[in-house]
Amino acid sequence: MRKPRAAVGSRSRCRKQASSQEGREKRALSSSQAKPSAPDGLARQQEEVRLQAPVSPYHLFRDTAEVTVFRKSLLSWYDREKRDLPWRKWVEGEVDLDRRAYAVWVSEVMLQQTQVATVINYYTRWMQKWPTLQDLASASLEEVNQLWAGLGYYSRGRRLQEGARKVVEELGGHMPRTAETLQRLLPGVGRYTAGAIASIAFGQATGVVDGNVVRVLCRVRAIGADPSSTLVSQQLWSLAQQLVEPARPGDFNQAAMELGATVCTPQRPLCSQCPVQSLCRARQRVEREQLSASRSLPGSRDVEECAPNTGQCQLCAPPTEPWDQTLGVANFPRKVSRRPPREECSATCVLEQPRALGGARILLVQRPNSGLLAGLWEFPSVTAEPSGQHQRKALLRELQSWVGPLPATRLRHLGQVVHTFSHIKLTYQVYGLALEEQTPVTIAPPGARWLTREEFHTAAVSTAMKKVFRVYEGQQPGTCKI
Ligand code: SF4
Ligand SMILES: [Zn+2]
């Protein structure tokens with residue numbers, strides 16, 4: 001009865017999704033970050049000259065005294081204000097280095113592109129279920145997907161498990177002990193995650209740069225150039241390495257990230273509560289600009305300013321992007337325009353047997369084991385034209401390939417759900433079909449399952465499918481945007 005299933009979306013979509021899931025890793029701005037294409041000839045020479053350009057002292061910490069003040073101020077603030085987060089407790093209470101590193105690793109992977117508040121519950125359940133690398137290595141992908149359901153960017157969980165298996169099967173159960181070996185030996189571990197594990201779990205004095213640290217450092221040193229450029233990335237990693245407190249590297253790195261997350265926020269940063277305010281060049285720049293404006297004087301440079309308007313400095317904003325008075329310190333870091341997500345459309349159907357034994361059952365089918373939402377369960381779906389043409393027919397064919405002949409006239413269009421994956425805005429046209437008069441089918445073909453409602457809610461299904469189901473149930477009739 002069953003044929004190889006057509007996946008929703010293309011493989012190229014899957015690759016984009018997979019690459020985006022580096023998330024914080026990608027935004028960590030590795031100095032080895034790949035350029036869009038390898039420069040050659042003149043372009044390469046220009047790039048080399050640019051990378052060798054001296055950096056104005058304005059964007060550096062000039063002496064050890066300044067560095068010491070920064071470290072002390074930040075760490076004493078962190079000691080007073082740090083949030084009570086489960087992974088911190090877990091790591092503090094763990095003396096076994098491999099277990100500590102594993103606890104940090106799980107938290108860092110979960111926190112990629114996901115809010116702390118969302119991660120807390122998932123982290124707690126994960127560590128209860130798989131408290132060691134060995135436990136995770138012996139879990140099934142189905143179990144991993146089930147626990148990860150709703151957290152998004154599902155390849156993160158899969159790669160975490162692949163990494164755990166590698167440690168158990170090839171590294172004698174011991175995590176590599178340095179940032180360099182962590183990054184080299186573990187799949188999916190990039191420069192940021194490696195540095196975070198090495199500093200927090202092993203006390204290696206290595207700085208880290210994630211999105212929060214980018215913001216803090218760009219503001220503290222008034223770096224207005226594109227933070228995703230190679231030059232700025234190198235400069236930020238270099239600053240992070242210079243600043244990290246050798247005696248407490250893990251705490252220092254967490255403090256810098258915490259400052260970005262809670263005080264030096266993207267909008268409306270709380271500068272008056274900031275422990276490093278006295279060292280912050282963005283703040284100084286704001287005060288200078290305000291003074292100039294209040295005296296109706298043209299902005300005049302002083303010794304504490306770089307040369308932002310000459311176009312000479314590679315770390316200042318280009319002259320084409322003047323200071324915006326309304327943004328204040330949020331003039332830093334420079335916003336990089338992102339491409340809008342690609343729009344795609346899918347038709348999906350909740351096929352239900354209301355009279356099935358043991359209560360109503362709905363049909364779920366499994367996605368392929370690689371690519372977007374790999375291995376997760378979903379309602380039968382087909383890629384659809386945005387115009388909606390031939391949608392019903394294609395969907396019926398898909399449904400029939402799973403369960404045989406169906407009463408086509410009962411297929412009802414119920415609404416739509418819009419879900420944005422990192423680079424794809426996917427609109428699901430939601431259909432429903434209830435097999436009222438048919439004899440209940442108890443056996444599903446391979447790759448499919450008839451689930452009760454309760455089973456559906458705890459299965460490895462994505463948030464988008466849960467929204468689709470809500471439209472079917474009529475709890476959110478019409479369009480449901482998520
Ligand atoms: S003073 Fe303001 S802009 Fe500067 S680091 Fe602190 S919160 Fe960020
Ligand atoms: Zn400059």
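A: His-419 faces Leu-426, a residue of strand E6. The model is predicted, so local features need pLDDT of at least 70 and side-chain atom pairs count only at pLDDT 80 or more, whereas totals for chains, interfaces and linings use all residues. Residues are numbered from 1 along each chain as its sequence is written, while chains are lettered from A and ligands numbered from 1 in the order in which they are written.

Strand E6 covers residues 424-434 and pairs with strand E5, residues 412-421, in the antiparallel sense over nine bridges. Two strands pair if DSSP finds at least two bridges between them. Strands (E, at least two residues) and helices (H or I, at least four) are DSSP runs, numbered from the N terminus.

Helix H19 spans residues 463-473, and its buried residues are Ala-464, Met-465, Lys-467, Val-468, Phe-469, Val-471 and Tyr-472. A residue is buried if 20 or more other C-beta atoms lie within 10 Å of its own, exposed if 12 or fewer, and partly exposed in between, with C-beta atoms placed from the backbone. Gly-474 follows H19 and has a positive phi, near 80 degrees.

Helix H6, residues 97-111, is mostly covered, as 12 of its 15 residues are buried. Among them are Arg-100, Tyr-102, Trp-105, Glu-108 and Leu-111. From first C-alpha to last, H6 reaches 21 Å, close to the 21 Å expected at 1.5 Å a residue; the expected span is 1.5 Å times one less than the number of residues. After H6 comes Gln-113, with a positive phi near 60 degrees.

Around ligand 1 there are 14 residues, and Cys-264, Cys-271, Cys-274, Cys-280 and Val-329 come nearest. A residue is near a molecule if its C-beta atom, placed from the backbone, lies within 6 Å of it. Helices H13 (211-220) and H16 (281-294) each supply at least two residues of this shell, and the largest share, three residues, comes from H13. The shell has 11 nonpolar, one polar and two charged residues, where Ala, Val, Leu, Ile, Met, Phe, Trp, Tyr, Cys and Pro count as nonpolar, Asp, Glu, Lys and Arg as charged, and the others, Gly among them, as polar.

The loop between H16 and strand E1 (342-353) contains Gly-328. Because 18 other C-beta atoms lie within 10 Å, Gly-328 is partly exposed. The C-alpha atoms of Gly-328 and Arg-285 are separated by 8.5 Å, although the two are 43 residues apart along the chain.
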